[in-house]
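Please keep the sequence and the model in view while reading.

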Amino acid sequence: MPKKIKNCFYKELTFEKMLAAHKRARKNKAFKKEVILFEMNLENNIVNLINNIKSGKYRLGEYHTFKIYEPKERTIKALPYVDRVVHQWYVEEFIKPYIVPKFIDTSFACLTDKGTHKAVEQIQKYMRIYKRNNGDFWILKCDIRKYFYSINPQILYKILQKHISDKKLLEFSKLLIFDARGQFGEIGIPIGNYTSQFYANIYLNELDHFVKRVLKVKYYVRYMDDFILLLPTKKTCIEMKIKIEEFLEKTLKLYLNNKSRYYPYKMGVNFCGYRIFTTHRLLRVSSKKKIKANVKRWNKQFEKNKLDPNYTLQSLASWMRSFFSL
């Protein structure tokens, strides 16, 4: 794996690659109006898109804003379909093959063959190993205050410069990060962009390597902006929390929220929808309430003939994995 991405931007900017990006972007959205319109003149749309990128004329479209309320209220900003195709191409051809392999093994969000269930399994495995080898221990559980809204684009770009030397790719990355900033402010990245979940992981990869390489913490797991350290004593937790807060503020301009705390392992740890102990794990009460609320909502949608079967089946499959992994 090369240290930096070099001389590959134009090599990956092909009709075949962009067509593949379109096929990924249209997944579960084939009947949406903007997807149908794009496909009505598919070849010309892709050729024009590639030519605009090559000539430097490509710009992001205007965001469509809406809110979601699960697991908490968030403002989502969605780009036009053509931009989502570009994001798929950019992530698949550059971020995934070159930068994601540099992540630590115990980062679990938005990554192939990982996810919430693997994160839960890993932290419980670590808890059992720690208990078996060292006896009692403490848990330091932290998360970032308003994470996506707090990411500094200037710092994000500087981090990408450590991974990318291809000048055209850097220029294009800069466009994706800074173009249309007036649509959502000077700080933060839009929740909803496919690039955002990867940029968010790249940003906190700096913390991951600080915790592992500088602080030398062996038992550490992160799922997006939630992360857990297993430590020998309360005093160690206090010291590590201070060092992490200093690093976050100084290096990434981030702050821990008030829910970040430390406690004995016997209390278990709330993480990714579960309450996890060394001997067992339970679905959190909030997770049970969410399941019941969604079932009621789906019943109402079914009665009105508005139920999306694909989305519902995906959610049910996720719940079944949750139940069987207890």
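Lysine 17 and glutamate 12 join their side chains in a salt bridge, with 3.2 Å from N to O; the term denotes a side-chain nitrogen of Lys or Arg within 4 Å of a carboxyl oxygen of Asp or Glu. Glutamate 12 is buried, its relative accessible area being 10%, whereas lysine 17, at 29% relative accessibility, is partly exposed. Here buried means under 20% relative accessible area, exposed over 50%, and partly exposed in between (1.4 Å probe, protein chains only).

The model is predicted: local features need pLDDT of at least 70, side-chain atom pairs count only at pLDDT 80 or more, and totals for chains, interfaces and linings use all residues. Residues are numbered from 1 along each chain as its sequence is written, and side-chain values use heavy atoms, with hydrogens and water left out.

**Salt bridges**

Eleven salt bridges are found in a search of the whole structure. Three of them are listed below.

| Glutamate 12 | Lysine 17 | 3.2 Å |

Glutamate 92 is partly exposed, with a relative accessible area of 27%, and arginine 24 is partly exposed at 27% relative accessibility. In the remaining pair of the table, aspartate 136 is partly exposed at 47%, and lysine 131 is partly exposed at 33%. Salt bridges with shared partners also link Glu12, Lys17 and Glu93 into one network.

**Overall build**

The protein contains 13 helices and nine strands; these are DSSP runs, numbered from the N terminus, with helices (H or I) of at least four residues and strands (E) of at least two. Of its 326 residues, 48% are buried. The accessible surface comes to about 17900 Å², and carbon and sulfur atoms account for 53% of that area; accessible areas come from the Shrake-Rupley method with a 1.4 Å probe. Among contacts (heavy atoms within 4.5 Å) between residues at least 6 apart in sequence, 72% join residues at least 24 apart.

**A helix pair**

Helix 8 (residues 153-163) packs against helix 10 (residues 194-214) at an angle of about 80°, with axes 10 Å apart. This angle makes the two helices roughly perpendicular, a label that covers 65 to 115 degrees. From helix 8, Ile155, Leu156, Ile159, Leu160 and Lys162 meet Tyr199, Ile202, Tyr203 and Glu206 of helix 10.

**Surface and loops**

Phe31, Ile36, Leu37 and Met40 make a nonpolar surface patch of about 500 Å². Patch residues have over 30% relative accessible area and no salt bridge; like charges are joined within 9 Å and nonpolar side chains (Val, Leu, Ile, Met, Phe, Trp, Tyr) within 5 Å. Methionine 40 lies in helix 3 (residues 33-40) and is exposed, with a relative accessible area of 64%.

Which phi value does aspartate 113 have? Its phi is near 65°, a positive value in a residue other than glycine. Aspartate 113 is found in the loop between helix 5 and helix 6 (116-134) and is exposed at 66% relative accessibility. Lysine 253 likewise has a positive phi, near 55°. Lysine 253 is placed in the loop between helix 11 (234-252) and strand 6 (261-264), and at 45% relative accessibility lysine 253 is partly exposed.

Technical notes:
Axes fitted to C-alpha atoms, helices over the stretch in contact; angles between N-to-C directions. Parallel < 35°, antiparallel > 145°, perpendicular 65-115°, else oblique.
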